[in-house]
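Let's take a look at this structure together, starting with its charged pairs and then moving on to its ligand.

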Amino acid sequence: MKKINEVKRIGVMTSGGDAPGMNACIRAVVRTATYYGIETWGVRRGYEGMIENEMEELPSGDVGNILQRGGTMLRSARSKRFHEKEWRQKAFLHLKENKIDALVVIGGDGTFRGAHALYKDFKFPSVGVPGTIDNDLFGTDLTIGYDTALNTVIDAIDKIRDTADAHNRLFFVEVMGRDAGFIALRTGIAGGAESILIPEAKTNVNTLIRTLETGFRRKKQFGIVVVAEGDDEGGAFAIAEKVKEKFTSYDIRVSILGHIQRGGNPSCQDRVLASRLGKGAVDALVDKKHDVMIGIQNKNIVLTPFDKATKYHQEIDPELMHLAEILSS
Ligand code: ATP
């Protein structure tokens, strides 16, 4: 067993929006820490729990049978108070009181901003693990929960296609993505969408109508338009209304997939990703690396400083945009 001196006890927490695979990551953190002879404490409800001193030992046995479950056994929360230094100080004092030497924080860029603030204020070390269904984080090809969310959306789109086909309907399917269109783009391609509307690309309703008319002339019996919730022309309801006025060829319906996209058992890919990143985060702390996000790039584990990981976003792949356009024409 590898021995280390500095880090004797680490904390692990989940924060921000929950994502399937967070439990698998918690398990990997605890089991890896145990392997190195490090004790793990679980912090409940993210930074809110840290402020309220909701933390206790999380032994290896307590993370059994969670690998396959969605959600997070540690719960998650958003904490307005943590934006203020006085509350971060309270949280820091609780970490010290409980003799926690370092943290693994699982969440999105907001979570990493919080951990970075804790480091800037009190030099408290953390490693971040990307856990968000949106896959919009810089410094990693994939985030925990993304693959599961994609599979959930595809399953829903396939079902919607059946009913769309039966009734000659055009469906606007809204998927999650307030600021990012990764879920919409992938599922739009995989679900054979007529059009994919995402925040990263300007939406033109007239162009959309022309695309739909082309399909109609080719005698398409039904249609699917995938809309990311943060599209610049509005959500699926707003865009469907605008289209309805000028395009009367189909019966138009809207389906908002909503929170089902967050839940469910993590896919095999998410479980493996979460396990690798959870282990990698503990490895990083053992190697005295901190104030960084761990990620995966070209199948390799990489570390990106928090200030960089929170400054930039992952870019949409133009090749996929082009592919979607060609295949729907
Ligand atoms: P998701 O991508 O799913 O929304 P997230 O981690 O980005 O996840 P946020 O709500 O943005 O979710 O951030 C989680 C928490 O991190 C916030 O509720 C807040 O407590 C803390 N946080 C975010 N930004 C900062 C900041 N600049 N300073 C201190 N704490 C922050």
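There are 15 salt bridges here, a salt bridge being a side-chain nitrogen of Lys or Arg within 4 Å of a carboxyl oxygen of Asp or Glu. One of them pairs Arg81 with Glu48, with the closest N and O atoms 3.0 Å apart. Arg81 sits in the loop between strand E3 (55-57) and helix H3 (85-97), while Glu48 belongs to helix H2 (residues 46-51), so the pair ties together parts that are 33 residues apart in sequence. This is a predicted model, where local features need pLDDT of at least 70 and side-chain atom pairs count only at pLDDT 80 or more, while totals for chains, interfaces and linings use all residues. Residues are numbered from 1 along each chain as its sequence is written, and side-chain values use heavy atoms, leaving out hydrogens and water.

Now for the ligand. It has 16 residues around it, and the closest are Arg78, Ser79, Gly108, Gly110 and Thr111 (a residue counts if one of its heavy atoms lies within 4 Å). Helix H4 (residues 109-122) gives the most to this shell, with five residues. By class, the shell has two nonpolar, 10 polar and four charged residues, with Gly counted among the polar ones.

| Residue | Part of the residue with the N or O atom | Distance to a ligand oxygen |
|---|---|---|
| Ser79 | backbone | 2.6 Å |
| Gly108 | backbone | 2.9 Å |
| Asp109 | side chain | 3.1 Å |

Taken alone, the ligand exposes 630 Å², and the protein buries 82% of that (areas by the Shrake-Rupley method with a 1.4 Å probe).

Methods. A polar contact is a pair of N or O atoms within 3.5 Å; within protein, one must be able to donate a hydrogen and the other to accept it, and residues adjacent in sequence count only if both atoms are side-chain atoms. Helices (H or I, at least four residues) and strands (E, at least two) are DSSP runs, numbered from the N terminus.
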